[in-house]
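Here is a short report on one protein model. Sequence and coordinates come first, then the notes.

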Amino acid sequence: MTVDYQGATEESIRHHYDVSNDFYELWLDEELTYTCALWGEGDTLEDAQRRKLDYLIEGARAPGARRVLDVGCGWGSLLKRLTGTHGVEQAVGLTLSSSQAEYLDRLELPRTEIRVENWLDHEPGEPYDAIISIGAFEHFARTGLSRAERVEAYREFFRRCRSWLPRGGRLALQTNIKGNNTVMDKQTVRDLMFIMETVFPESEIPALSEVLEGSEKHFDVVTLRNDPDHYSRTCQEWLNRLRGNREKALECVGELNVANYERYLGATVEHFAKRHLGLSRIVLEAV
């Protein structure tokens, strides 16, 4: 069956994630985890990112599993955690970023397969025991689609995930969502438009209701939590690290890119703190 892809194009994904591996190394944690952390008392950024990975791995019942799929694997922090800490026999990671794939190829991670591939084109030779997707769902529907079109794009993702899992298999999903505070001043609107047009072109943040509607009849919701404060804190930590390494960042990517990322991260701290955005972590079980 041929399905019209409704998500951000490969070019748009690479526009952001292929800026420079060296640049991201200046301000992300040591494992290059570019998604919201899960903070506990006294945590460093590294602690909080490991806590997030473990939360989703355990929620998906992935420890000790034979095969686990990571949709949107980034620079591989989840893949390393799956095989290195949680005893997964084989981890498969999908990315559309050539820079991320090259970085991962150099690591030569054991029991890990990296594929530069859209989830819509993925055809596994055998089922998975668990699926985890962190911070990729925001790219699954393009800007400008109607709600019905977005839900249909999400439904196709959930339909495919369900076909790759046994009954009772779990999907752990982390995604930004639209917040319930829709009262925005002009600067907030300008910053949101800047992020949509300059930083993450073609991507659309879903409403939580759209995510859940898309999953209906394929998955039951096991747990759901909303952690906007955790993302506000994560972005503030990233911004602090970027500012602390600004001279090196300028050498990597130039003044315009550094200024754009400072604006994007600073604005995002406020967007989550003021509930213009939310951060959902959802564990779903195949029915």
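## Model and conventions

This is a predicted model: local features need pLDDT of at least 70, side-chain atom pairs count only at pLDDT 80 or more, and totals for chains, interfaces and linings use all residues. Residues are numbered from 1 along each chain as its sequence is written, and side-chain values use heavy atoms, with hydrogens and water left out.

## Overall fold

The protein chain has 10 helices and 7 strands. Both are DSSP runs numbered from the N terminus: helices are H or I with at least four residues, strands are E with at least two. The C-alpha trace spans about 50 × 40 × 40 Å along its principal axes.

## Burial and contacts

Of the 287 residues, 56% are buried. Buried means under 20% relative accessible area (1.4 Å probe, protein chains only). Contact means heavy atoms within 4.5 Å. Among contacts between residues at least 6 apart in sequence, 77% join residues at least 24 apart.

## Nonpolar cores

A nonpolar core is a set of buried Ala, Val, Leu, Ile, Met, Phe, Trp, Tyr and Cys residues joined through side-chain atoms within 4.5 Å. The largest one has 54 residues. Trp27, Tyr34, Leu82, Ile132, Trp238 and Tyr264 have the most contacts inside it. Helix α10 (residues 246–273) gives the most to this core, with 9 residues. Apart from it lies another core, of 26 residues, including Trp119, Ala136, Phe140 and Leu171.

## Helix α4

Helix α4 (residues 77–84) is largely enclosed by the rest of the structure, because 6 of its 8 residues are buried. These are Ser77, Leu78, Leu79, Arg81, Leu82 and Thr83. They pack against α3, β1 (67–71), β2 (90–95), β3 (112–116) and β4 (130–134).

Leu82 touches Ile57, Ala62, Val68, Gly87, Val88, Ala91 and Ile132, leaving aside residues up to four places away in sequence.

## Thr35

Is Thr35 buried or exposed? Thr35 is buried, with a relative accessible area of 10%. It is found in the loop between α2 (21–25) and α3 (45–59). Not counting residues up to four places away in sequence, Thr35 touches Gln49, Lys52, Ile134, Gly135, Gln174, Tyr231, Thr234 and Trp238.

Conventions. Buried means under 20% relative accessible area, exposed over 50%, partly exposed in between (1.4 Å probe, protein chains only).
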